[in-house]
Each structure stands twice: as C-alpha cells, then as structure tokens.
Amino acid sequence: QVQVVESGGGLVQPGGSLRLSCAASGSISGFYVMGWYRQAPGKQRELVARFTRGGNTNYADSVKGRFTISRDNAKNTVYLQMVSLKPEDTAVYYCNVHIVLVTTSREYDYWGQGTQVTVSS
C-alpha cells in the first residue's frame, strides 16, 4: 500500500514563507514528481509548479520568482518553498506524483490529500 502525505501548510502573514512537503511511502520502486497544484474557493484547480520529464521546472506566472519546487528522490519527497506570500496565494495545495509499485511494476497517478495555505494579516 502506498501513502502520499502532505504537510507544511498553515496561516502566515503577507510577505511570509512556508515550505510544503509531499512524501510517498510504501512499496515503491519508482517515484516521479509531476507538480504542485492549488485550488482556491470557487476556483478551478491550477498548476503552480512542475517538473518536466526532462527535469526542467515550470512555474505559473503568478508565482515565478517566489516559489521553488524541489525533490529528494532518495526520500520520495517533493517540496514547494514559498516566499513573499500574498493573500491571493491562499488555497488548498495538492501534490501530484507518479509512483511505480513494487508489486505490479506499473506507474500510477497519486494526489496528496491537500494542505491549506492561508495568507492573511
């Protein structure tokens, strides 16, 4: 069984920082990071940051220069470092990863449970 667990969300003042983590555990033989997404109330889920298959990074225009996606493949973990946070960054943040299971050798799409980020004074 595989678990994908997010952590690191919370309440922060404008201009503050947070680091989100997304860790996968279980019988994993492969771990591929797709990206981080967010969904604000009343809005559609949107891509925030992602890795391409070639290992490059892409960011939404609204977060460029403020957010950084990174990964630790040895720990099956992906991070999202967020600085200079703004109220409009308030949303539930989700990680999306692809995992190859030891039992089947097939790749599956997993989403984290979501972590709330609230930017407010």
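**Notebook: core, sheet and loops**

I began with the largest nonpolar core, which has 31 residues; Trp36, Leu80, Met82, Tyr93 and Ile99 have the most contacts inside it. I took such a core as a set of buried Ala, Val, Leu, Ile, Met, Phe, Trp, Tyr and Cys residues joined through side-chain atoms within 4.5 Å. Buried means under 20% relative accessible area, exposed over 50%, and partly exposed in between (1.4 Å probe, protein chains only). I looked up the contributors: β3, β4 (28-39), β5 (46-51), β7, β8, β9 and β11 (115-119) each supply at least two residues of this core. β9 gives the largest share, six residues.

I noted the source: this is a predicted model, in which local features need pLDDT of at least 70 and side-chain atom pairs count only at pLDDT 80 or more, while totals for chains, interfaces and linings use all residues. Residues are numbered from 1 along each chain as its sequence is written, and side-chain values use heavy atoms, with hydrogens and water left out.

**Leu80**

I listed what Leu80 touches, leaving out residues up to four places away in sequence: Leu18, Arg19, Leu20, Trp36, Val48, Ala49, Phe67, Thr68, Ile69 and Tyr93. Contact here means heavy atoms within 4.5 Å.

**The sheet**

Next I traced an open sheet of four strands, in the order β1-β3-β8-β7, with antiparallel pairing. Its edge strands are β1 (3-7) and β7 (67-72), and each pairs on one side only. On average, neighbouring strands of this sheet are turned by 15° against each other, direction ignored. For that angle, axes are lines fitted to C-alpha atoms (for helices over the stretch in contact), and angles run from 0 to 180 degrees between N-to-C directions. Strands (E, at least two residues) and helices (H or I, at least four) are DSSP runs numbered from the N terminus. Two strands pair if DSSP finds at least two bridges between them.

I then checked two of the pairings. β3 (residues 18-25) is joined to β8 (residues 77-82) by six bridges, and the two run antiparallel. Within this pairing, Cys22 has Val78 of β8 as its bridge partner. β7 and β8 also pair in the antiparallel sense, over six bridges, and Ser70 stands opposite Tyr79 in β8. I recorded β7 and β8 as a hairpin with four residues between them, where Asn76 in the turn has a positive phi of about 50°.

**Loops**

Which residues other than glycine have a positive phi? I noted Ser84, with phi near 50°, and Ser105, with phi near 60°. Ser84 lies in the loop between β8 and β9 (91-101) and counts as partly exposed because its relative accessibility is 38%. Ser105 is in the loop between β9 and β10 (107-111); at 59% relative accessibility, Ser105 counts as exposed.

Pro14 sits in the loop between β2 (10-12) and β3. With a relative accessible area of 40%, Pro14 is partly exposed. I found that Pro14 touches Leu85, Pro87, Val119, Ser120 and Ser121, not counting residues up to four places away in sequence.

**Charges over rings**

Last, I looked for charges over rings (NZ of Lys or CZ of Arg within 6 Å of the ring centre and within 35 degrees of the ring normal). Arg53 lies over the face of Tyr32, at 5.5 Å from the ring centre. Arg71 lies over the face of Phe51, at 4.1 Å from the ring centre.
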